[in-house]
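These are my notes from a reading of one structure.

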Amino acid sequence: MDYVSALVPPVVMAVFFIALIVIIVKSQGGPNKTKEDGVVDATLARAESAKQTARPGNA
């Protein structure tokens, strides 16, 4: 029975890892993709504008 108790934790972790990968792959794209892309684009634009306003002498 020691081999069962030794194998259970890795098997359980493997099952959860596979489930996590499946969830990540299924959540890519779809209707949320444009919303996520919009958030990323807005964040990048905000960071770029903050970087340019921090250095006004380079204009």
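I take a helix to be a DSSP run of H or I with at least four residues, and I number helices from the N terminus. The model I am reading is predicted.

**Overall form**

I first looked up the secondary structure and found two helices and zero strands in the chain. I then checked the radius of gyration: 23 Å, well over the 10 Å that the globule rule gives for 59 residues, so the chain is more spread out than a compact globule. Along the principal axes, the C-alpha atoms fill a box of roughly 75 × 30 × 10 Å.

I asked what share of the 59 residues is buried. The figure is 0%.

**Helix 1**

Helix 1 covers residues 2-27, and I located Val11 within it. I tested its length against expectation: at 1.5 Å a residue, its 26 residues should span 38 Å, and the end C-alpha atoms are 39 Å apart, which agrees.

Where does helix 1 have a kink? I found it at Val8, shortly before the proline Pro9, with an angle of about 30 degrees. Just after helix 1, I noted that Gly29 takes a positive phi of about 75 degrees.

I next examined the surface and found a nonpolar patch made of Met1, Tyr3, Val4, Leu7, Val8, Val11, Val12, Val15 and Phe16. Together these residues have about 930 Å² of accessible area. For one of them, Val11, I looked up the relative accessibility; at 48% Val11 counts as partly exposed, because that class lies between 20% and 50%.

**Helix 2**

Helix 2 covers residues 31-54, and Ala47 lies in it. I found Ala47 to be partly exposed, at 45% relative accessibility.

At 35% relative accessibility, I class Asp37 as partly exposed. Between the C-alpha atoms of Asp37 and Val22, again 15 residues apart along the chain, I recorded 21 Å.

**Charged contacts**

How many salt bridges does the chain have, if a side-chain nitrogen of Lys or Arg must lie within 4 Å of a carboxyl oxygen of Asp or Glu? I counted one salt bridge. Glu48 forms it with Lys51, and the closest N and O atoms are 3.8 Å apart.

I then placed the two partners: Glu48 and Lys51 both lie in helix 2, three residues apart, about one turn of the helix. I looked up the accessibility of each. Glu48 counts as partly exposed at 36% relative accessibility, and Lys51 is partly exposed with a relative accessible area of 43%.

Note on methods. Residues numbered from 1 in each chain as written. Predicted model: local features only at pLDDT ≥ 70, side-chain atom pairs only at ≥ 80, totals over all residues. Heavy atoms only, no water. Patch = residues over 30% accessible without salt bridge, like charges linked within 9 Å, V, L, I, M, F, W, Y side chains within 5 Å. Areas by Shrake-Rupley, 256 points an atom, 1.4 Å probe, with all protein chains shown as cover. Buried < 20%, exposed > 50% of the residue type's maximum accessible area, 1.4 Å probe, protein only. Expected span 1.5 Å × (residues − 1). Bend = angle between axes of the 7 residues up to and from the residue. Rg over C-alpha atoms; globule rule 2.2 N^0.38 Å.
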